[in-house]
Amino acid sequence: MDFSGFDIAVGALALLVLVLLIKGIRTIPQGYNYTVERFGRYTKTLSPGLNFIFPFVDRIGAKMNMMEQVLDVPSQEIITRDNAIVGVDGIAFFQILNAAQAAYQVAGLQNAILNLTMTNIRTVMGSMDLDELLSNRDAINERLLRVVDEAAHPWGIKITRVEIKDINPPANLIESMGRQMTAERNKRAQILAAEGLKQSQILEAEGRKEAAFRDAEARERSAEAEARATQVVSEAISKGDVQALNYFVALKYTEALGRIGTATNSKIVLMPFEASSLIGSLGGIGEIAKEVFRSEGTTGSQRQVARPPVVRPSDN
């Protein structure tokens, strides 16, 4: 079968179109952006999906991952403000927002982010004391994120998170911190015990104060009653009533004998000779009391007074 020149030209043109289509059509996967370079110069960015470039003129430059990525920060030694040496490692999360800037503004993007993060870790944590370093990890992470993100902004990336994973002080420093914590806890326990003893002594003193006050008040009331009784007897004597005086003296004498008899430090009680006369006159005291109360009852209601038993001294 003979082909004319026209048929050959048409076939060649169709083949050329097919090759151009194959070379010019580009499929971009989800999560990636490709940069396009024309004669070595950036022209545009291809987004995910089906795209077309001019074959033999345009070419794919950088294939940038637009998803959030994780960068492990290796351990490094840091000297704190109080000259303590600690080992610190961390982790950084970043995401490319502008593929062209990430591809052409910095060489070795991940290496640049890694060194930028490590440098700022030394700067931020080196300006803090060890105790502050161990207790303010959230503040350290926030400060690192702000500093690193600001420095990496011209590269078209976003630092989403910077986390300090481990802070490892030397073994001797950990031992010293343990002893310090134990001493601090013992100090707190002693302070609490001293506070408790202080409160107990204060309460005990307040109790003694209240008891003394009440005892004094009771003695005051007893003295007032004694004074009142003495005043009544004096008034009765001034009016010529001698029986009231006899009753008052006999009552006091009887109370004194009662206290002597109930004493626990002696089984044998030596009594004066006049005591037998007093015991013998108890019946007379009852008569005196009866007359006194009978005289008082003439102006009021009748009162019954129990006659005390008559005790006579033994012949022995």
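Biologist: Is Arg221 buried, partly exposed or exposed, and at what relative accessibility?

Modeller: This is a predicted model, so the value is computed from predicted coordinates. Buried needs under 20% and exposed needs over 50%. Arg221 has 44% relative accessibility, which lies between those cut-offs, so Arg221 counts as partly exposed.

Biologist: Which residue forms a salt bridge with Arg221?

Modeller: The closest N and O atoms of the pair are 4.0 Å apart.

Biologist: In which helix do Glu184 and Arg188 both lie?

Modeller: Glu184 forms a salt bridge with Arg188, with 3.8 Å between the closest N and O atoms. Glu184 is partly exposed at 35% relative accessible area, whereas Arg188 is exposed at 52%. The two are four residues apart, about one turn of the helix, and both lie in α6 (residues 171-238).

Biologist: How many residues apart in sequence are the parts that Asp129 and Arg81 tie together?

Modeller: The side chains of Asp129 and Arg81 meet in a salt bridge, 3.1 Å from N to O. Arg81, Asp129 and Glu132 are linked in a network of salt bridges. Asp129 is in the loop between α3 and α4 and Arg81 in the loop between β6 and β7, so the pair joins parts separated in sequence by 48 residues.

Biologist: Is Thr80 buried or exposed?

Modeller: Thr80 sits in the loop between β6 (69-79) and β7 (85-96). Beyond four places in sequence, Thr80 touches residues including Met125, Asp129 and Leu133. The cut-off for buried is under 20%. Thr80 has a relative accessible area of 3%, so Thr80 is buried.

Biologist: In what order do the three strands of the open sheet lie?

Modeller: The edge strands are β3 (41-46) and β5, each of which pairs on one side only. β2 and β3 pair in the antiparallel sense over five bridges, and Arg41 in β3 is the bridge partner of Arg38. The order is β3-β2-β5.

Biologist: Is Asn33 buried or exposed?

Modeller: Asn33 lies in strand β2 (residues 32-38). Leaving aside neighbours within four places in sequence, Asn33 is in contact with residues including Leu46, Pro48, Met64 and Ala99. At 15% relative accessibility, Asn33 falls under the 20% cut-off and so counts as buried.

Biologist: Over which residues does pLDDT stay under 50?

Modeller: The protein chain averages a pLDDT of 78, and 73% of the residues score at least 70. Where pLDDT is low, the predicted coordinates should not be read in detail. The stretch in question has 12 contacts beyond four places in sequence in the model, and it covers residues 298-316.

Key. Residues numbered from 1 in each chain as written. Predicted model: local features only at pLDDT ≥ 70, side-chain atom pairs only at ≥ 80, totals over all residues. Heavy atoms only, no water. Buried < 20%, exposed > 50% of the residue type's maximum accessible area, 1.4 Å probe, protein only. Contact = heavy atoms within 4.5 Å. pLDDT = per-residue confidence, 0-100. Pairing = 2+ DSSP bridges.
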